Amino acid sequence: MAIDVFGLGNTLVDIQTFVDDKLLKKLKITKGIMTLIEEKQSMEVLTAIANLKAKSLPGGSCGNSISMAALMGAKTVYTGVVADDMYGRLYEKIISERGVKSMLRFTNTGLTGTAIVLTSADAERTMLTHLGVCGEFTKSDLNMELLSDSAIFHTTGYEFDTPTQKEALIEAMKVMKKNGKKVSFDIADPFCIERNRDELKAVISEYVDILFGNYEEVKILTGCDDPIEAGKQIRAMGPSVCLVKVGGKGSYAFFDDTYVQIPVYQAEKVLDSTGCGDIYAGGFLYGYTSGYGIEKSAHIASYLASKIIAVAGVELEKFNMEEIKSFIEEKILD
């Protein structure tokens with residue numbers, strides 16, 4: 001079985017519900033910001049919202065990208081660590097239904113990682129992230145047979161914050177390079193880059209073929225305010241392809257000795273930008289492994305990003321895939 005994309009990421013379940021401010025005060029939660037929480041507080045919050053109507057979906061940057069690529073038709077594998085609990089089983093069930101081959105490891109201790117999004121009546125969102133057991137991934141969890149049979153290994157900068165995950169990530173990159181395959185890397189988060197800048201640069205230079213980043217991320221990585229100059233600097237580091245997202249201005253694709261600007265596709269409505277960059281990466285990887293070339297793949301990425309903006313959270317099941325594929329076939333690939 002030839003695999004297009006093999007993903008390794010932080011496996012988190014997104015849990016979204018509406019709450020009133022009284023509950024936030026009762027739980028002593030600071031409204032409107034993202035907070036990392038420990039297991040005890042996570043259990044307390046999950047218990048408090050147990051009777052509320054909530055939507056739970058697979059999340060995590062890499063998982064979202066791999067799911068999007070799979071829904072488009074790419075052959076994908078996703079690996080990570082979850083607990084053998086309700087959320088871990090839900091994660092595997094949904095990504096499998098999306099067409100992803102699951103290589104999740106289940107633990108008998110701890111909790112599956114969660115990102116709890118509490119939306120207040122004024123539409124303000126409060127996020128509580130508990131990484132749970134996802135950071136326990138080790139290089140022994142890598143399925144080397146499937147990895148070696150993959151065209152691209154995709155991962156993100158979030159894995160650099162845990163020593164065993166970082167070791168596994170670099171091992172996977174080494175295997176891909178040894179086998180003449182490609183490494184795709186989403187630098188993922190400004191704070192992650194600040195914590196690991198020098199090491200990230202070294203890994204990008206040595207192993208990465210395709211790099212994704214938004215304006216803020218590439219600015220921090222390179223120290224360059226201009227996204228075009230930042231993209232050129234990243235290309236000079238070693239990646240053969242660099243994709244820089246610049247919000248409402250679209251994105252830039254850097255390759256060979258040139259770059260092209262990729263326009264934004266008009267969203268049906270602007271509801272929620274959550275996961276926009278993840279879906280962009282998944283769309284590009286689908287196009288690239290399908291042989292559509294860098295520019296057309298970037299157009300596919302931009303179009304799919306416009307579709308997720310019209311959906312609350314990253315509920316890919318809301319996508320009309322037949323309509324999406326028809327548009328891509330007629331308007332982008334034609």
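Two strands count as paired if DSSP finds at least two bridges between them. Helices (H or I, at least four residues) and strands (E, at least two) are DSSP runs, numbered from the N terminus.

This is a predicted model, where local features need pLDDT of at least 70, side-chain atom pairs count only at pLDDT 80 or more, and totals for chains, interfaces and linings use all residues. Residues are numbered from 1 along each chain as its sequence is written, and side-chain values use heavy atoms, with hydrogens and water left out.

Now to strand 1. Phe6 sits opposite Phe153 in strand 9, while Gly7 has Tyr78 of strand 5 as its bridge partner. Here are the two pairings:

| Pair | Partner residues | Sense | Bridges |
|---|---|---|---|
| Strand 1 and strand 9 | 150-156 | parallel | 4 |
| Strand 1 and strand 5 | 76-83 | parallel | 4 |

Strand 1 (residues 3-8) has 5 of its 6 residues buried, so the rest of the structure largely encloses it. Buried means under 20% relative accessible area, exposed over 50%, and partly exposed in between (1.4 Å probe, protein chains only).

Zooming out, the chain holds 12 helices and 14 strands, and 56% of its 334 residues are buried. The C-alpha atoms fill a box of roughly 55 × 45 × 40 Å along the principal axes.
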